[in-house]
Amino acid sequence: MTDQKYVLAVDQGTTSTRAIIFDHAGTVVSVGQKEHEQIFPRAGWVEHDPMEVWTNVREVVATALSKAELNSTNLAAVGITNQRETTVVWDKNTGEPVYNAIVWQDTRTAKIVEELGGEVGQDKYKDRVGLPLATYFCGPKVKWILDNVEGARERAEAGDLIMGTMDTWVLWNMTGGVEGGVHVTDVTNASRTLLMDLKTLSWAEDICADMTIPMSMLPEIKSSAEVYGYGRQQGMLVGIPISGILGDQQAATFGQACFEPGMAKNTYGTGNFMLMNTGTEPVPSKNGLLTTLCYKIGDQAPVYALEGSIAVTGSLVQWLRDNLRMFDSAPEVEQLAQTVEDNGGAYFVPAFSGLFAPYWKSDARGAIVGLTRFVNRGHIARAVLEATAFQTREVLDAMEADSGVKLAELKVDGGMTANELLMQFQADQLDVDVVRPVVAETTALGAAYAAGIAVGFWSGEQDVIDNWAEDKRWTPKMDADERDRQYRLWKKAVTRTFEWVDDDVR
């Protein structure tokens with residue numbers, strides 16, 4: 001395959017959708033991007049309009065091709081990566097969603113989750129699916145829609161409604177929608193539903209029955225790299241193989257060339273997600289982490305990972321910008337934080353959607369503690385950045401305890417890695433080097449690699465390794481006693497957020 005061909009990745013994220021075209025060297029050729037509306041009907045509820053997202057997919061693909069002065073004949077393949085756990089239920093006959101997509105951050109299913117756990121609690125299915133019962137995952141979201149949208153359960157039981165994560169929604173529409181759209185997902189996204197058996201890589205019928213989800217709604221589970229179908233929509237991608245799907249964090253792990261057990265990456269986005277490759281056997285977590293699929297290339301053995309998911313990191317910076325109006329653009333948080341030498345004793349625990357790893361407390365809520373009259377805007381900005389690093393350290397501590405592997409360095413990617421202050425503080429808190437690659441768009445790149453490998457554009461993982469290159473490295477500088485003092489106070493602050501939500505305000 002010559003360098004005249006390219007691979008396009010659709011990156012359907014939490015706040016925006018992007019289309020990125022990559023060449024054979026794994027470098028970015030062009031980008032199209034468009035944000036979509038964040039819908040907050042009630043406290044704790046977060047939704048997206050699936051039709052808006054699909055419209056945006058078409059627009060950003062056209063933009064990326066136009067900017068690069070390419071057309072679909074220049075593409076070898078298309079890959080999809082997506083915000084995981086965000087769930088859509090739609091009518092397969094009309095293509096219309098029965099309700100907005102319920103976003104991964106949404107906490108409305110807390111009561112359903114509690115009832116499903118019963119006397120056993122949140123670990124009821126964990127040995128089979130690798131996940132605790134939590135509002136984060138898809139299964140309870142589907143149940144909520146079927147229970148609360150008028151007529152939805154009857155239509156689902158009649159076989160008219162189907163469901164999927166955003167990869168499935170995008171793929172179904174790209175491959176024809178109501179005219180023969182392909183209804184599949186990959187193992188990485190399926191492993192985030194609470195409905196897939198980690199060992200068999202198939203849907204667990206008894207768990208689906210517990211959640212009263214008809215099996216007919218579920219997409220077929222495929223590998224992360226194979227030809228699922230061909231573009232049929234809007235002319236721009238007609239006949240192009242769509243051949244890679246990876247949930248966004250697994251895609252970043254793949255794009256960061258974390259192919260050996262013990263290798264880990266951390267993505268700094270709306271939330272933070274650290275994944276460690278654990279090889280071809282799932283490793284159960286005893287420390288609040290998720291056991292998940294890392295990737296599966298064609299008919300090769302599946303590769304598993306431990307994951308620590310943090311709900312609020314980059315979105316906390318957005319909150320300072322949009323809700324408190326502390327600055328006009330997100331990068332300004334670094335300048336504001338640099339106006340002070342430290343956090344002034346203030347700690348910000350952003351449990352807006354409860355706490356994810358390693359606590360899994362949906363009844364926690366955000367808190368700023370340690371306030372005195374000395375604290376100013378700069379200290380709050382610094383506390384916001386430090387919260388990301390502290391939460392990451394908690395996840396890494398759990399990961400090392402579960403895996404028995406001491407991390408040598410942490411590969412990082414995502415928008416917040418441009419923040420030098422944060423990256424240095426991260427290295428200081430972890431006491432390991434933090435390394436950023438030349439191509440920071442590792443999520444889209446991972447999906448592109450999976451799609452390209454499936455059609456022979458890249459020969460395999462070695463091409464990914466050869467393309468990876470280091471951009472910048474941050475080395476720890478903080479005194480050990482100061483590191484421990486700050487972390488001790490952070491842990492103390494976290495405990496102040498527990499059990500905030502009472503039954504009457506849930």
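Me: Which residues in helix 13 meet which residues in helix 16?
Reply: Phe425, Asp428 and Gln429 in helix 13 meet Arg483, Gln486 and Tyr487 in helix 16. To meet here is to be in contact, that is, to have heavy atoms within 4.5 Å. The model is predicted, so local features need pLDDT of at least 70 and side-chain atom pairs count only at pLDDT 80 or more, while totals for chains, interfaces and linings use all residues. Residues are numbered from 1 along each chain as its sequence is written, and side-chain values use heavy atoms, with hydrogens and water left out.

Me: How do the residues of this contact divide by class?
Reply: There are two nonpolar, two polar and two charged residues in the contact of helix 13 with helix 16. Ala, Val, Leu, Ile, Met, Phe, Trp, Tyr, Cys and Pro count as nonpolar, Asp, Glu, Lys and Arg as charged, and the others, Gly among them, as polar.

Me: What is helix 13 called relative to helix 16, and why?
Reply: Helix 13 (residues 420-430) packs against helix 16 at an angle of about 95 degrees, with the axes 9 Å apart. That makes the two helices roughly perpendicular, because angles of 65 to 115 degrees have that name, while those under 35 count as roughly parallel, those over 145 as roughly antiparallel and the rest as oblique. The axes are lines fitted to C-alpha atoms, for helices over the stretch in contact, and the angles run from 0 to 180 degrees between N-to-C directions. Helices (H or I, at least four residues) and strands (E, at least two) are DSSP runs, numbered from the N terminus.

Me: Why are helix 2 and helix 4 called roughly perpendicular?
Reply: Helix 2 (residues 110-117) and helix 4 (residues 138-148) pack at about 110 degrees, with axes 9 Å apart. They are therefore roughly perpendicular to each other. Their crossing is right-handed. Ile112, Val113 and Leu116 of helix 2 touch Pro140, Lys143 and Trp144 of helix 4. That contact has five nonpolar residues, no polar ones and one charged one.

Me: Why are helix 10 and helix 12 called roughly antiparallel to each other?
Reply: The axes of helix 10 (residues 314-322) and helix 12 cross at roughly 160 degrees and come within 9 Å. The pair is therefore roughly antiparallel. Leu316, Val317 and Leu320 of helix 10 make the contact with Ile380, Ala381, Val384, Leu385 and Ala387 of helix 12. By class, the contact holds eight nonpolar, no polar and no charged residues.

Me: How do you know whether Pro219 is buried or exposed?
Reply: The relative accessible area of Pro219 is 3%, so Pro219 is buried. Buried means under 20% relative accessible area, exposed over 50% and partly exposed in between (1.4 Å probe, protein chains only). Pro219 sits in the loop between helix 8 (205-210) and strand 12 (220-222). Neighbours within four places in sequence aside, Pro219 touches Met163, Thr168, His183, Val184, Thr185 and Trp203.

Me: What does Thr212 count as, and why?
Reply: Thr212 has 33% relative accessibility, so Thr212 counts as partly exposed. Thr212 also lies in the loop between helix 8 and strand 12. Its phi is near 55 degrees, a positive value in a residue other than glycine.

Me: What makes helix 9 mostly covered?
Reply: Eight of the eight residues of helix 9 (residues 248-255) are buried. Among them are Asp248, Gln249 and Phe254.

Me: Which residues have the most contacts inside the largest nonpolar core?
Reply: They are Tyr136, Met211 and Met217, in a core of 104 residues. Helix 12 (residues 377-403) gives the most to this core, with 12 residues. A nonpolar core is a set of buried Ala, Val, Leu, Ile, Met, Phe, Trp, Tyr and Cys residues joined through side-chain atoms within 4.5 Å. Not counting residues up to four places away in sequence, Met217 touches Val89, Val142, Leu146, Ala156, Leu161, Ile162, Met163 and His183.

Definitions and conventions: Left-handed = near helix turned anticlockwise from the far one by under 90°.
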